[in-house]
Amino acid sequence: MGFLDDAKEAAEATGEKIGDWVDDTKERIEDKVDEVKADAEVKRAEAERDSVHARNEYKERLRDDD
C-alpha cells in the first residue's frame, strides 16, 4: 500500500501545484486587464484635456479679435 499512498500524495501535490498556477495566471491576467483599462482612462483624460485646452485657446483668440 505504500506505493499507492505515495502516488496518491504525489497526485494531490501536483493537483495543488496546478491549482496554484491557475490562480496565479488568473491574477496576472486580471492585473494586466486593470493596467490596460487604467492606461485607456489616462489617454481619454489626456485627450479631453487637450480638447478643452484647444477650445479655450480658440475662445481666447475670438475675444482678442474684438
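1. Start at Arg-44. Its relative accessibility is 51%, so Arg-44 counts as exposed. The model is a predicted one.

2. Arg-44 has a partner. Its side chain meets that of Glu-48 in a salt bridge, 3.2 Å from N to O. Both residues lie in helix α1, 4 residues apart, about one turn of the helix. Glu-48 is partly exposed, at 47% relative accessibility.

3. Another pair is Glu-35 and Lys-32. Their closest N and O atoms are 3.6 Å apart, in a salt bridge. Glu-35 is partly exposed at 40% relative accessibility. Lys-32 is partly exposed at 47%.

4. Arg-63 forms a salt bridge with Glu-60, with 3.0 Å between the closest N and O atoms. The two are 3 residues apart in helix α1, so about one helical turn separates them. Arg-63 is exposed at 51%, whereas Glu-60 is partly exposed at 37%. The chain's salt bridges come to 5.

5. Now the overall form. The protein chain has 1 helix and 0 strands. Its radius of gyration is 29 Å, well over the 11 Å that the globule rule gives for 66 residues, so the chain is more spread out than a compact globule. The C-alpha trace spans about 100 × 5 × 5 Å along its principal axes.

6. What share of the 66 residues is buried? The figure is 0%. The chain exposes about 6200 Å², with 54% supplied by carbon and sulfur atoms.

7. One surface patch is nonpolar. Ile-18, Trp-21 and Val-22 form it, with about 320 Å² of accessible area together. Trp-21 lies in helix α1, residues 2-65. Trp-21 is exposed, at 55% relative accessible area.

Definitions and conventions:
Residues numbered from 1 in each chain as written. Predicted model: local features only at pLDDT ≥ 70, side-chain atom pairs only at ≥ 80, totals over all residues. Heavy atoms only, no water. Patch = residues over 30% accessible without salt bridge, like charges linked within 9 Å, V, L, I, M, F, W, Y side chains within 5 Å. Areas by Shrake-Rupley, 256 points an atom, 1.4 Å probe, with all protein chains shown as cover. Salt bridge = Lys/Arg side-chain N within 4 Å of Asp/Glu carboxyl O. Buried < 20%, exposed > 50% of the residue type's maximum accessible area, 1.4 Å probe, protein only. Rg over C-alpha atoms; globule rule 2.2 N^0.38 Å.
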